[in-house]
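Let's walk through this structure together, one neighbourhood at a time. Keep the model open beside you as you read.

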Amino acid sequence: MTESAQPLRVIEETPGYWRVVFDYPPFNIADATLFQGLQDLLARMDARPNLRVVVFESANPDFYLAHFDLTGRLGNIMTAVGPSGLPILIDTFVRITKSPVATIAKIRGCVRGACSEFVLACDMRFASRENTRLGQPEVGVGLHPGGGGTERLPHIVGRGRALEIVLSASDFDGETAERYGYVNRALPDAELDGFVDRLARRIASFDARAIGAAKNLINQVSLPSPDRLLDSLNSFERALTWPHAQQIVQALLKRGLQTDPNFERLWPEALETLLEEKTA
């Protein structure tokens, strides 16, 4: 069964296996509407005890989830509290990670900032070798990650590579992301759908209690604490008020961020030049 609803669509492949398709033109920007869609999805997942695995993918091959909205369409996602007791932005990611349902990010296209933090909150990440641009560009914008990137990345890729990813503010292609452990595997684009579908169906064939129990035990030894995640978000909110960061954000928007597909696809490459322009 397929349901059409913005900003995401749920395709129930079987009672135990759902595909969730981000379909929020033009770039799948993470704003209040997208987070409300994820909150609604989590409530729906909680109501389905037979659900075992959810695969997140994109209808747009160029933009999986582009990045955090920088034009102000954020609503109350950093102040209103979700069911976990944490602000909606962090609550969404924490509940995805702690859900007894296995979650898989099937990545094609650009995934940056808070959207990189979304895929880090998923249990597994599989990427197109030819068509992935993954990164945490916040430092290049005069900010720092605030949705769990600095807390999750060191556990996933190690301290040195986490610092490289965060401090370089660069994009990482599928092959490099796989080598670093940023994603589980990078597969040839033509093989990605089949591989993920076979894995999801295999997991969906197993007992839901066993899946949830195994995931819970791994979570206990691998997840950052809610307090650390909250501290990071609070620090990010303060960083958004820094004059230098505000200047860089405005310069990016003027250059075409969130409006020009070509600039949106490649904008981290322009950060060095942008910074030179601002300090000249």
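A polar contact here is a pair of N or O atoms within 3.5 Å; within protein, one atom must be able to donate a hydrogen and the other to accept it, and residues adjacent in sequence count only if both atoms are side-chain atoms. This is a predicted model, in which local features need pLDDT of at least 70 and side-chain atom pairs count only at pLDDT 80 or more, while totals for chains, interfaces and linings use all residues. Residues are numbered from 1 along each chain as its sequence is written, and side-chain values use heavy atoms, with hydrogens and water left out.

Let's begin with threonine 92, which sits in helix H2 (residues 88-98). Helices (H or I, at least four residues) and strands (E, at least two) are DSSP runs, numbered from the N terminus. The side chain of threonine 92 makes a polar contact of 2.9 Å with the side chain of glutamine 39, and it also reaches the backbone oxygen of isoleucine 88 at 2.8 Å. Contact in the wider sense means heavy atoms within 4.5 Å. Leaving aside residues up to four places away in sequence, threonine 92 touches Phe35, Leu38, Gln39 and Leu42. Is this threonine 92 buried or exposed? Its relative accessibility is 0%, so threonine 92 counts as buried; the term buried means under 20% relative accessible area, exposed means over 50%, and partly exposed lies in between (1.4 Å probe, protein chains only).

Next, turn to strand E6 (residues 102-112). Of its 11 residues, 11 are buried, so strand E6 is largely enclosed by the rest of the structure. Two strands pair if DSSP finds at least two bridges between them. Strand E4 (residues 53-58) pairs with E6 in the parallel sense over four bridges, and valine 54 stands opposite threonine 103 in E6. Strand E5 (residues 63-65) also runs parallel to E6, joined by two bridges; here leucine 65 has valine 111 of E6 as its bridge partner. As you look along the strands, recall that in a regular strand the side chains alternate between the two faces of the sheet.

Helix H5 (residues 159-168) holds leucine 167, which counts as exposed because its relative accessibility is 56%. Together with Val139 and Leu163, Leu167 forms a nonpolar patch on the surface, with about 240 Å² of accessible area in total. Patches are made of residues with over 30% relative accessible area and no salt bridge, with like charges joined within 9 Å and nonpolar side chains (Val, Leu, Ile, Met, Phe, Trp, Tyr) within 5 Å. The areas come from the Shrake-Rupley method with a 1.4 Å probe, and for residues only the protein chains shown count as cover.

Glutamine 258, in the loop between helix H10 (243-255) and helix H11 (261-266), has a phi near 75°. A cis peptide bond joins proline 25 and proline 26, with omega about 0°; proline 26 lies in the loop between strand E3 (17-22) and helix H1 (32-46).

Our last topic is charge. A salt bridge is a side-chain nitrogen of Lys or Arg within 4 Å of a carboxyl oxygen of Asp or Glu, and by this rule the count comes to 22. Arginine 265 forms one with aspartate 62, their closest N and O atoms being 3.6 Å apart. Arginine 265 lies in helix H11 and aspartate 62 in the loop between E4 and E5, so the pair ties together parts that are 203 residues apart in sequence. By contrast, aspartate 197 and arginine 201 both lie in helix H7 (residues 189-204), four residues apart, about one turn of the helix; their salt bridge has its closest N and O atoms 2.9 Å apart. Both residues belong to a network of salt bridges that links Glu13, Arg19, Glu57, Lys106, Arg108, Asp189, Asp193, Asp197 and Arg201.
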